[in-house]
Amino acid sequence: MNTTDRVFVYGAAGHTGRFVVDELLRRGLTPVLAGRSAERLDAAPQRHAALDRREVAVDDPELLRRAVDGVAAVINCAGPFLDTAIPLARAAVEVGAHYLDVTAEQPIVQSLYRVLDTPARSAGVAVVPAMAFYGGLADLLLTTALDGEHHADAVEVAIGLDRWWPTTGTRITGARNTATRLVIRDGVLTPLADPAPTSTWSYSAPLGTQAVVELPFSETITIDRHLRVGDLRSYLNTAPLDDLHDEATPPPSATDEHGRSDQRFVVDVLVRRGAQTRAITAVGRDIYAVTAPIVVEGAIRLLDGRHHGTGAQAPGEAFDAVDVLAALERDADGFQIHRDRHTTRLPQPA
Ligand SMILES: NC(=O)c1ccc[n+]([C@@H]2O[C@H](COP(=O)([O-])OP(=O)(O)OC[C@H]3O[C@@H](n4cnc5c(N)ncnc54)[C@H](OP(=O)(O)O)[C@@H]3O)[C@@H](O)[C@H]2O)c1
C-alpha cells in the first residue's frame, strides 16, 4: 500500500491534463503538475495555483527520475506518447511508482508491454497504458460483456461521435502516428487492409445509422494482451473524421460547469461466442473530459490496492472492469452503460 496520495500529472497544462488534475482534486488526491514548460504550467487555472509543480523534459532520465521521486503514481497526458511514454514509464518504475497514460497510439502500447513488464513486476508496480476513451473504454466494455470468460469468436467495437473538435495534441499525435494500424484476424495481430474497409453502423439515438470506416486504436493491443479474440474490428463513423481532417475545425470549447464541450459519444461493443451474441454500449459527453474519470479511477485503484497484480497490463486485466464501469456511471456526469441494446449484427464491411 502506498503511503502518499501524490500523483504526478505529466502534460498537466494540456487540455486533457487539466481535466485529470481537476478529477484528482475532486477525488481527494494530491496532483503534482508537471510538464516541459514552466511558462505553460504557470498559466494553469487559478484553482491549480497552489499545487506543486515540476518543470522537466523527458530527455534526461536522471532529472525525470528525481522529478517523479516520492509520488505514488504517474499519469502521462503528454502526447504524442511515442515521444514521452517510455522515458516516463521507466522513471516511474525505477522510483516504485505506478504508471498510467491515455494513449490511443498502438505502437507505444506494444512497446510499453514489451519494455516495462519485467521491470514493473520486479518493482512491484503496474504499468497501464491507454486508460482512456480510445483504448481502455472498449477494453473495459468487452471484458464486462465477456462476464469472466476470456474468449470470443468475433468482436466489433463501433465508436460514434456526433462531431469532433480536435485539440492540438490530437492533431500532432495523428501526424506523428503513421504506423500501419493493427487489427485481429484469426486470433493474430494483422495489418489493417488498405484501403480500410467501410460499412454502416446502426448506433442508438441520436446518431442513428452512419457510414463508418475500420479504424482501430489502442484497444486492439490492450484486448490482445489479455483476451483471446478470433476477429476484432473497430469502427469510427466518418462524419467526425471529416471534422478532424478539416484544418478549420476549432479546438473544443467549454459549454458546461465542468469545462466540457457539447460533443456526445456512443461506444457499442458487440461480441459473438458460438451462437450467442452479447452487446454493451457506453454513452456520454466529451471524449477528452471523460478520459479524466477513466484514468483517475485507475490511479485510485492502483493506490488503494484494488488491482490485479503488477507488470504491464491492459485496463480490463489490471482492474475489475464491471466495478470500474459502475464507478464511472456513478461519478462521470452523463456517462451510462446499456446492455444488449444491439441484438442483431449489421451489414458486414464492403
Ligand atoms: N486515448 C484517448 O481517448 C485520449 C483522450 C485524450 C487525449 N489523448 C491524447 O493525449 C494527448 C494530449 O492530448 P490533449 O488533448 O491534452 O492535447 P494538448 O492540449 O495539445 O496537450 C498536449 C500536452 O502534451 C505536452 N507534450 C506534447 N509533446 C511533448 C513532449 N515531447 N514532451 C513533453 N510534453 C509534451 C504538451 O506540452 P506543451 O504545452 O509544452 O507543448 C501539452 O502539455 C494526445 O496525444 C491525445 O491524442 C488521448
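Two strands count as paired if DSSP finds at least two bridges between them. Helices (H or I, at least four residues) and strands (E, at least two) are DSSP runs, numbered from the N terminus. The model described here is predicted: local features need pLDDT of at least 70, side-chain atom pairs count only at pLDDT 80 or more, and totals for chains, interfaces and linings use all residues. Residues are numbered from 1 along each chain as its sequence is written.

**Strand pairing**

- An open sheet is formed by seven strands with parallel pairing, in the order β3-β2-β1-β4-β5-β6-β15.
- At its edges stand β3 (53–55) and β15 (311–312), each of which pairs on one side only.
- Strands β1 (residues 6–10) and β2 (residues 30–35) run parallel and are joined by five bridges; Arg-6 has Thr-30 in β2 as its bridge partner.
- Strand β7 (residues 151–161) pairs with strand β12 (residues 228–237) in the parallel sense over eight bridges, and His-151 stands opposite Arg-228 in β12.
- With strand β13 (residues 264–273), β7 pairs in the antiparallel sense, also over eight bridges; here Val-157 stands opposite Val-269.

**Burial**

- A residue is buried if 20 or more other C-beta atoms lie within 10 Å of its own, exposed if 12 or fewer, and partly exposed in between, with C-beta atoms placed from the backbone.
- Strand β7 is mostly covered, with eight of its 11 residues buried.
- Helix α8 (residues 219–226) is also mostly covered, as seven of its eight residues are buried: Glu-219, Thr-220, Ile-221, Thr-222, Ile-223, Asp-224 and Arg-225.

**Ligand shell**

- The ligand is surrounded by 32 residues, a residue being near a molecule if its C-beta atom, placed from the backbone, lies within 6 Å of it.
- The closest are Gly-14, His-15, Gly-79, Thr-167 and Gly-169.
- Two or more shell residues come from each of α1 (15–26), α4 (81–94), α6 (133–146), α7 (168–176) and α10 (287–304); α7 gives the largest share, four residues.
- By class, the shell has 12 nonpolar, 17 polar and three charged residues, where Ala, Val, Leu, Ile, Met, Phe, Trp, Tyr, Cys and Pro count as nonpolar, Asp, Glu, Lys and Arg as charged, and the others, Gly among them, as polar.
- The ligand lies between domain 1 (6–130 + 291–320) and domain 2 (133–287 + 325–339), because both give residues to the shell around it; the domain bounds come from an automatic or database domain assignment.

**Nonpolar core**

- A nonpolar core is a set of buried Ala, Val, Leu, Ile, Met, Phe, Trp, Tyr and Cys residues joined through C-beta atoms within 7 Å.
- The largest such core has 110 residues, and Val-9, Val-74, Val-269 and Val-295 have the most contacts inside it.
- Helix α10 supplies the largest share of this core, 11 residues.
- Domain 1 and domain 2 each contribute at least three residues to this core.
- Not counting residues up to four places away in sequence, Val-269 touches Ala-138, Leu-141, Leu-142, Ala-145, Val-155, Val-157, Ala-279 and Ile-280, contact meaning C-beta atoms, placed from the backbone, within 7 Å.

**Ala-130**

- Ala-130 lies in the loop between β6 (126–128) and α6, and it counts as buried because it has 32 C-beta neighbours inside 10 Å.
- The C-alpha atoms of Ala-130 and Thr-103 are separated by 4.7 Å, although the two residues are 27 residues apart along the chain.
- Beyond residues up to four places away in sequence, Ala-130 touches Thr-103, Val-109, Gly-135, Gly-136, Ser-218, Thr-222 and Pro-315.

How values were computed:
Contact = placed C-beta atoms within 7 Å.
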